Every structure is written in C-alpha cells, then in structure tokens.
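Good morning, colleagues. Please look at the display before we start.

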Amino acid sequence: MNITGTTRIVCIIGDPVSHSLSPSMHNAAFASSGMDWAYVAFRVAPEELTGAVAGLRALGVAGFNVTMPHKNKVAQLVDELSDEARIIGAVNTVQVENGMLVGHNTDGVGLLHSLSADIGFNVAGKKVVVFGAGGASRAIVVALAQAGCAELTIVNRTQDKADILVDLVRTHFSACQVGALGVNADYAEVIRQADLIVNATSVGMHGAEDTPFDTGLISGNHIVYDIVYDPDETALLSRARARGAKALGGKRMLLYQGTAAFEIWTGRKAPVSIMETALRT
Ligand code: ATR
C-alpha cells in the first residue's frame, strides 16, 4: 500500500477492535481496484465516542464502520439515517459527504445478500425462525421483514426482548406475520414449517459444542444460517449439514455487510471474490 498526500481514509471504530477482519477485507479491495484508499482501525472508549465522531467529521474521512459497543450511540450522532438504520436504531456504516454524516446499517442486508448470492434464496414470502433478540437479531429481523418474509418467529431465552422486536416489526412491516416465543416454549412445529432458521445468539461461539436449539428438528428442506463466525464451522452448521440442510456461517454475512459498505463509500461495485479471499486468509 502506498500512502500519499491524497489517500482517502476509511476506518472502523469499536472497543475492542483489534480482532476486526474489516481492515484486511477493505484494504485488499482498495488494492485490487487500484484505489488510493486505506482502511484503519481505531479503538475508541465509550466516553471518547462523541469526540471521535466529531474528529472523523473534521478530518473529512470518506466514511467509517462502527462496531460494538458504539452502534446505538452513533445512530444519535449522525445527521441523517437510512430507513433501516432508523428502524433498527443502530448504525454500522457511516458515509461522510461534504461534512454530512449519513448512518446506514448493512448487517441485515449482508445476511440477505449472502442468502441470494450464495444459495439463490429470496426471503420474500418465506417462513423464518430467528433465535436471539439482541443487537444482531434486531438488524436481521428488520431486514427480513423489509424484504417481505411472510412469517417470522423470534425465539429468545429472555422472551421480553423478543416481544420488543415483535412490536418493532408490527409497527413498521404490517404484512409480516410475526410472533415471539421463549426458549422453553414448544417451537418444534414452527421449526418444522420454517424455510430458514437463523442463529442470531452467541451460542456456539469460540468452538462451544452447544447449539441454540435441538438440531434433531433440522431436515433437508431447511436453510440454516449461523451468524457466529468464530469458528467458521460451528456445531450447529456441521449438524445441519449432516442432516441434509443447506448451511451458511457468519463469515458470509460479514463479507456482504462489507461489500455493501464498500459500495456506499466508493459508489463502485465491490470486488467480492477479493474480499472473500482476504477474509479467508
Ligand atoms: P449481539 O449484539 O451479538 O446480538 P447481544 O445484544 O448481547 O449481542 O445479544 C446476544 C443474544 O444471544 C441474546 O439474544 C441472548 O439472549 P438473552 O436476550 O436472553 O440474553 C442470546 N444468548 C447469549 N447467550 C445465550 C445462551 N447461553 N443461551 C441462549 N441465548 C443466549
């Protein structure tokens, strides 16, 4: 990478942030496209967030990504929000144009793009079960409802949090039939009927052998999506594959949230296979 006096900067802010795969993915994309752009990571403590965002605006960076724990607060610091970022109440990508900060959320869209690009699956009219009701789930259920999924069931250990997401979907997407269940409810039938099952909990992270639900309910008709990306192959994914289901892991969602951010910042088509290789290596 050759940094010059005209190099455009994009970055990620989070705390912690050193584990982020986004710098490798985006720098590979800039290099392969011959762009004079660079992507760096900044660890920003919560009490420094307002100053950091003001600084990025003052420096005139081209844009930035936002990760934990800043996604909600940044939604309040930008000048404008995309429709989905407004509904989700969280931002993972900011576009900076003429000093204006526009907040987007490409997390849920990343999942939808991955489903269509990787296995040709379109959620419109489909039945979906989502496990989890935290920040990631919120972005995912909004994207699913926005894309026209017909029936959505949200299952969470703490049912109150699932109920809040149900209200959010009902308020903004009346065509989607949505309901919530606690993890102790009998959700076997909803799983059997589902086209797509998404794990949006942290269960299975870092090689834990547990799964968010009884994988004996999975059949060859299902698509199973695990947003956990460490490890690549979670217990849920390998058991789903063994039962004949199509299975996709969180690195695919990470890839496509990144390609969406690249396109927002640069206005160019993202070099998907270059970014994919960078994520893998
Ligand atoms: P994220 O931003 O990654 O979504 P989060 O907001 O902390 O993180 O949400 C984590 C999700 O994983 C929640 O749905 C959480 O369930 P609770 O709402 O009941 O806390 C779920 N989760 C985490 N550990 C879990 C476990 N051991 N069993 C079941 N669900 C779990």
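Predicted model: local features only at pLDDT ≥ 70, side-chain atom pairs only at ≥ 80, totals over all residues.

Let me begin with Asn156: one of its polar side-chain atoms lies 2.7 Å from an oxygen atom of the ligand. Residues are numbered from 1 along each chain as its sequence is written, and side-chain values use heavy atoms, with hydrogens and water left out.

Thr158 places a polar side-chain atom 2.4 Å from one, and Ala133 has a backbone N or O atom 2.9 Å from one. How much of the ligand does the protein bury? Taken alone, the ligand exposes 640 Å², and the protein buries 65% of that; these accessible areas come from the Shrake-Rupley method with a 1.4 Å probe, and for residues only the protein chains shown count as cover.

The residues surrounding the ligand include Gly132, Gly134, Arg157, Lys161 and Ser202, a residue being near a molecule if one of its heavy atoms lies within 4 Å of it. By class, this shell holds three nonpolar, seven polar and two charged residues. Here Ala, Val, Leu, Ile, Met, Phe, Trp, Tyr, Cys and Pro count as nonpolar, Asp, Glu, Lys and Arg as charged, and the others, Gly among them, as polar.

I turn now to the interior. In soluble globular proteins, nonpolar side chains tend to be buried together. The largest nonpolar core has 38 residues, and Leu111, Leu144, Leu152 and Leu196 have the most contacts inside it. Such a core is a set of buried Ala, Val, Leu, Ile, Met, Phe, Trp, Tyr and Cys residues joined through side-chain atoms within 4.5 Å. Helix α6, residues 135-146, gives the largest share of this core, seven residues; helices (H or I, at least four residues) and strands (E, at least two) are DSSP runs, numbered from the N terminus. Beyond four places in sequence, Leu196 touches residues including Phe121, Val129, Leu144 and Tyr225, where contact means heavy atoms within 4.5 Å. A second, separate core of 19 residues includes Val10, Leu255, Phe262 and Trp265.

Next, the loop between β11 (223-226) and α9 (235-242), where Thr234 is placed. Is Thr234 buried or exposed? Thr234 counts as buried because its relative accessibility is 2%; buried means under 20% relative accessible area, exposed over 50%, and partly exposed in between, with a 1.4 Å probe and protein chains only. The side chains of Thr234 and Asp226 are joined by a polar contact of 2.7 Å. A polar contact is a pair of N or O atoms within 3.5 Å; within protein, one must be able to donate a hydrogen and the other to accept it, and residues adjacent in sequence count only if both atoms are side-chain atoms. Pro231 lies in the loop between β11 and α9, and a cis peptide bond with omega about 10° joins Asp230 to Pro231.

Finally, Gly207, in the loop between β10 (196-199) and β11, touches Asp230 and Pro231. Gly207 is partly exposed, at 40% relative accessibility. In the loop between β10 and β11 we also find His206, which has a positive phi of about 55° although it is not a glycine. His206 is exposed, with a relative accessible area of 62%.
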